[in-house]
Amino acid sequence: MILQSLVLPMFCHVLLSGGIYALLTIARAPSVWNVRVSKTLRECLAEIEPRISANLSNQFEWPVFFHVVCLLLILTQDTVERIQVVLAWTFIAGRICHSALQILTPNIRARGLVFTINFLAVIAMWIRLMFEI
């Protein structure tokens, strides 16, 4: 069943990354395509655009290890352990929180805490995989 597999969390990360691409396109539209918006909105978009761009880059850093461990689990295990699925969803929830914090606030401390949760979830997935092989 797809809800018990790792494919759905992986797909959710793809959707998250796609949404951030769309958000970045919207934020850049006034300057790139000369879209007419109010001065206030233009200033707001100019302020948030670097954070969106940085967050998009983040989606291709640590999450790569998440996708690799998921693929290895899918390819090497007859059935994926429930704990692996829980850890995968923990990672996805953390990525969503991390993205929201990075894009909407300058709160680096909170973002670091959420990243630690993401980091530990993926490390735990790798450790479990190593014990299973």
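1. Leaving out residues up to four places away in sequence, Cys-70 touches Leu-6, Met-10 and Met-125. The model is a predicted one, and side-chain atom pairs are counted only at pLDDT 80 or more.

2. Cys-70 belongs to the largest nonpolar core, a set of 16 residues. Together with Leu-6, Phe-66, Leu-73, Phe-91 and Met-125, Cys-70 is among the residues that touch the most other members. Two or more residues of this core come from each of α3 (63–76), α4 and α5. The largest contribution is that of α4, with 5 residues.

3. On the surface, a nonpolar patch is formed by Val-7, Leu-71, Ile-74 and Leu-75. Together these residues have about 370 Å² of accessible area. Helix α3 gives the most to the patch, with 3 residues. Val-7 is located in helix α1 (residues 7–32). Val-7 counts as partly exposed because its relative accessibility is 43%, between the limits of 20% and 50%.

4. How many salt bridges does the structure hold? There are 3, and they are taken one by one in the next points.

5. Glu-49 and Arg-28 form a salt bridge through their side chains, with an N to O distance of 2.7 Å. Glu-49 is in helix α2 (residues 39–58) and Arg-28 in helix α1, so this pair ties together parts of the chain that are 21 residues apart in sequence. Is Glu-49 buried or exposed? Its relative accessible area is 19%, so Glu-49 is classed as buried, the limit being under 20%. Arg-28, at 33%, is partly exposed.

6. Lys-39 and Glu-43 make another salt bridge, and their closest N and O atoms are 3.9 Å apart. The cut-off for a salt bridge is 4 Å. Both residues lie in helix α2, separated by 4 residues, or about one turn of the helix. Lys-39 counts as exposed, with 64% relative accessibility, while Glu-43 is partly exposed at 46%.

7. In the salt bridge between the side chains of Arg-128 and Glu-81, the N to O distance is 2.4 Å. This pair links distant parts of the chain, 47 residues apart: Arg-128 is in helix α5, and Glu-81 is in the loop between α3 and α4. Arg-128 is partly exposed at 33% relative accessibility. Glu-81 is also partly exposed, with a relative accessible area of 31%.

8. Where does Thr-105 lie? Thr-105 is in the loop between α4 (82–104) and α5 (108–132). With 24% relative accessibility, Thr-105 counts as partly exposed. A polar atom of the Thr-105 side chain is 2.8 Å from the backbone oxygen of Leu-101. A polar atom of that side chain also lies 3.3 Å from the backbone nitrogen of Asn-107.

9. Beyond its neighbours within four places in sequence, Thr-105 is in contact with Arg-51 and Ala-100. Between the C-alpha atoms of Thr-105 and Phe-131 the separation is 39 Å, and these residues are 26 apart along the chain.

Conventions. Residues numbered from 1 in each chain as written. Predicted model: local features only at pLDDT ≥ 70, side-chain atom pairs only at ≥ 80, totals over all residues. Heavy atoms only, no water. Buried < 20%, exposed > 50% of the residue type's maximum accessible area, 1.4 Å probe, protein only. Contact = heavy atoms within 4.5 Å. Polar contact = N/O pair within 3.5 Å; in protein donor to acceptor, adjacent residues only side chain to side chain. Core = buried A, V, L, I, M, F, W, Y, C linked by side-chain atoms within 4.5 Å. Patch = residues over 30% accessible without salt bridge, like charges linked within 9 Å, V, L, I, M, F, W, Y side chains within 5 Å. Areas by Shrake-Rupley, 256 points an atom, 1.4 Å probe, with all protein chains shown as cover.
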